[in-house]
Amino acid sequence: MTKFVLTGATGQLGSRVLQHLLKLVPATDIIVSLYNPSGATSTIKESGVEIRRGDYADPASLGAAFAGADKLLLVSHPAMAHEHRVAYHKNAIDAAKRVGIKRVYYTSLAFAGDTDTFVMRAHLDTERYLQESGGVPYTILREGVYSEAWRVYFGFWTPAETSDEVVIPHGDGPIAYACLDDLGEATAKILVEAGYENETLLLTGTRSFTLKQIAATVSRLLGRDVKLVVGSEEDYLKANKGKPGLRGEEAHLRKFATTYKALERGELDLKDPLLQNVLDREPKSFEHTLRESLGLHP
Ligand SMILES: NC(=O)c1ccc[n+]([C@@H]2O[C@H](COP(=O)([O-])OP(=O)(O)OC[C@H]3O[C@@H](n4cnc5c(N)ncnc54)[C@H](OP(=O)(O)O)[C@@H]3O)[C@@H](O)[C@H]2O)c1
């Protein structure tokens, strides 16, 4: 019997992993390590999994939360703040080593190579820590950009906006999006399967889309003329600062702006067959999710 401990199980990705893992193994083989156990969802509470408290900022809590498990799913901390993120991930990896976890599965992000993109720095530092510190076998899951997150790259645009001009900095390029449910299902299957020891895996879509193509599709679907404008970083800040819901403040936007240089270099054009192979079916198409998120019938 293999015992699994999942972090991030209340989040967008972790909740999907849990949902699919519950179809593969008995609930009694699963522990969820929650930052805030009182915030456990009804799905978690009703599933029969064991709930423990594990805060990335509190190493002792992580040791207690992971004890007795064989495999740990370490979902990356959602903050942009690089130092906190890496320190939190190191706390979890060190705790995993202390309590004898046999494999750490770390959810990284699907950028190519040794990118200098800000959002990847904490992932790359964590990957290096896993690879170089030794002591615990690992599998790095470079999860594709969520199809559901297309607006984050597309100037935070929503149909409710009166402006049909989407301003991005630096450049455009293709992204091989994957939807959250497919990523959750594939991650759960990889957790259960043998293999992938000390490997870095890419879970991405089989087709990629530029932001210009998204502008054309959104225009067609909504009967509007949504235009993509590639401007300077200042143009991007001016157009997007203060937009609701997406941390549209200046410091965050400046960090995120580095992503568009990577986009232009093709660093997100990573079409890998693994997601499709693990799912044993076609991943859900990006256009399907795009239609859903625009409130259209898929
Ligand atoms: N691939 C992509 O396109 C993409 C897009 C967006 C984000 N990401 C990244 O992928 C990761 C997972 O994404 P997500 O969308 O699932 O994130 P999410 O929905 O924000 O979930 C984050 C999870 O981390 C937990 N958490 C927060 N602070 C914690 C702490 N101190 N200790 C332990 N757990 C803590 C949260 O628990 P509570 O619910 O208790 O707060 C939540 O379960 C994040 O690093 C995120 O930045 C990837």
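Me: How close do the axes of α4 and α5 come, and at what angle do they cross?

Reply: This is a predicted model, in which local features need pLDDT of at least 70 and side-chain atom pairs count only at pLDDT 80 or more, while totals for chains, interfaces and linings use all residues. Residues are numbered from 1 along each chain as its sequence is written, and side-chain values use heavy atoms, with hydrogens and water left out.

The axes of α4 and α5 come within 9 Å and cross at roughly 25°. Axes here are lines fitted to C-alpha atoms, for helices over the stretch in contact, and angles run from 0 to 180 degrees between N-to-C directions. Helices (H or I, at least four residues) and strands (E, at least two) are DSSP runs, numbered from the N terminus. The angle therefore makes α4 roughly parallel to α5; angles under 35 degrees count as roughly parallel, over 145 as roughly antiparallel, 65 to 115 as roughly perpendicular and the rest as oblique. The crossing of α4 and α5 is right-handed, a term used if the near helix is turned clockwise from the far one by less than a right angle.

On the α4 side, the contact (heavy atoms within 4.5 Å) includes His82, Arg85, Val86 and Ile93.

By class, the α3 contact with α4 holds six nonpolar, two polar and one charged residue.

The sheet comes next. Seven strands form an open sheet with parallel pairing, in the order β3-β2-β1-β4-β5-β6-β8; two strands pair if DSSP finds at least two bridges between them. At the edges stand β3 (50-53) and β8 (199-203), each of which pairs on one side only. From one strand to the next, the twist averages 20°. Within this sheet, β5 (residues 103-109) and β6 (residues 138-143) pair in the parallel sense over six bridges, and Val104 stands opposite Tyr138 in β6. Helix α5 (residues 118-133) packs on the sheet and touches β5, β6 and β8, its direction making about 160° with that of β5. Helix α7 (residues 180-192) packs on the sheet as well, touching β1 (4-7), β4 (71-75), β5, β6 and β8, and its direction makes about 155° with that of β8.

A further helix pair is α9 (residues 233-240) with α10 (residues 250-264), which pack at an angle of about 130° with their axes 10 Å apart. That angle makes α9 oblique to α10, and α9 passes α10 in a right-handed crossing. Among the residues that meet are Tyr236 and Leu237 in α9 and Leu253, Phe256 and Tyr260 in α10. The contact of α9 with α10 has six nonpolar, one polar and four charged residues.

Technical notes. Ala, Val, Leu, Ile, Met, Phe, Trp, Tyr, Cys and Pro count as nonpolar, Asp, Glu, Lys and Arg as charged, and the others, Gly among them, as polar.
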